[in-house]
Amino acid sequence: GTKFRALQPVFISQPENSFLQTLFIGTSMRSGTINPGFLMFYDWGGALVYQPSVTLLRDPFRFSVDYSILDAHTYKGGSGVSLGKDRDNIQFRFEYVI
């Protein structure tokens, strides 16, 4: 006989222990008005995130641009960063400091 099973959603399990390494390199130039930076995440499941950025400060205004590159070719169960698969994001942020 054929056995029918109830349809259930498929979830990706997150293990109790996962490791994510981070690296941030930043500096300031022109008396702190230009602040370039580079942020990198490495998920031991095999995914990498690169995020170069620059912030321009001219009080009370601040303008930031950062570009995120997620490099994970496959979904890896239990790997938080790779669950986003491959995607690039760019962010523009304008702030007024009170």
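Biologist: Which residues does D66 touch, not counting residues up to four places away in sequence?

Modeller: D66 touches Q51, P52, S53, N89, I90 and Q91. A contact means heavy atoms within 4.5 Å. This is a predicted model, where local features need pLDDT of at least 70, side-chain atom pairs count only at pLDDT 80 or more, and totals for chains, interfaces and linings use all residues. Residues are numbered from 1 along each chain as its sequence is written, and side-chain values use heavy atoms, with hydrogens and water left out.

Biologist: Why is D66 called buried?

Modeller: Its relative accessible area is 11%. Buried means under 20%, exposed over 50%, and partly exposed in between, with a 1.4 Å probe and protein chains only. D66 is therefore buried.

Biologist: And why is L56 called partly exposed?

Modeller: L56 has a relative accessible area of 39%, so it is partly exposed by that scale.

Biologist: What makes the link between the side chains of D66 and Q51 a polar contact?

Modeller: The distance is 3.4 Å. The rule asks for a pair of N or O atoms within 3.5 Å; within protein, one must be able to donate a hydrogen and the other to accept it, and residues adjacent in sequence count only if both atoms are side-chain atoms.

Biologist: Where does D66 lie?

Modeller: In strand 4, residues 61–71. Strands are DSSP runs of E, at least two residues, numbered from the N terminus. The chain has zero helices and five strands.

Biologist: How do you know that strand 3 and strand 4 pair?

Modeller: Pairing needs at least two bridges found by DSSP. Strand 3 and strand 4 have nine, in the antiparallel sense. L48, for one, has D71 as its bridge partner in strand 4. Two residues lie between these strands, which form a hairpin. On to strand 5: ten bridges join it to strand 4, again antiparallel. There, L70 stands opposite R87.

Biologist: What makes V54, L56, F61, F63, Y67, I90, F92, F94, Y96 and I98 a nonpolar patch?

Modeller: Nonpolar side chains (Val, Leu, Ile, Met, Phe, Trp, Tyr) are joined within 5 Å. L56, at 39%, clears the area cut-off. Together the patch residues have about 1,100 Å² of accessible area, by the Shrake-Rupley method.

Biologist: Which strand gives the largest share of the nonpolar patch?

Modeller: Strand 5, with four residues.

Methods. Patch = residues over 30% accessible without salt bridge, like charges linked within 9 Å, V, L, I, M, F, W, Y side chains within 5 Å. Areas by Shrake-Rupley, 256 points an atom, 1.4 Å probe, with all protein chains shown as cover. Salt bridge = Lys/Arg side-chain N within 4 Å of Asp/Glu carboxyl O.
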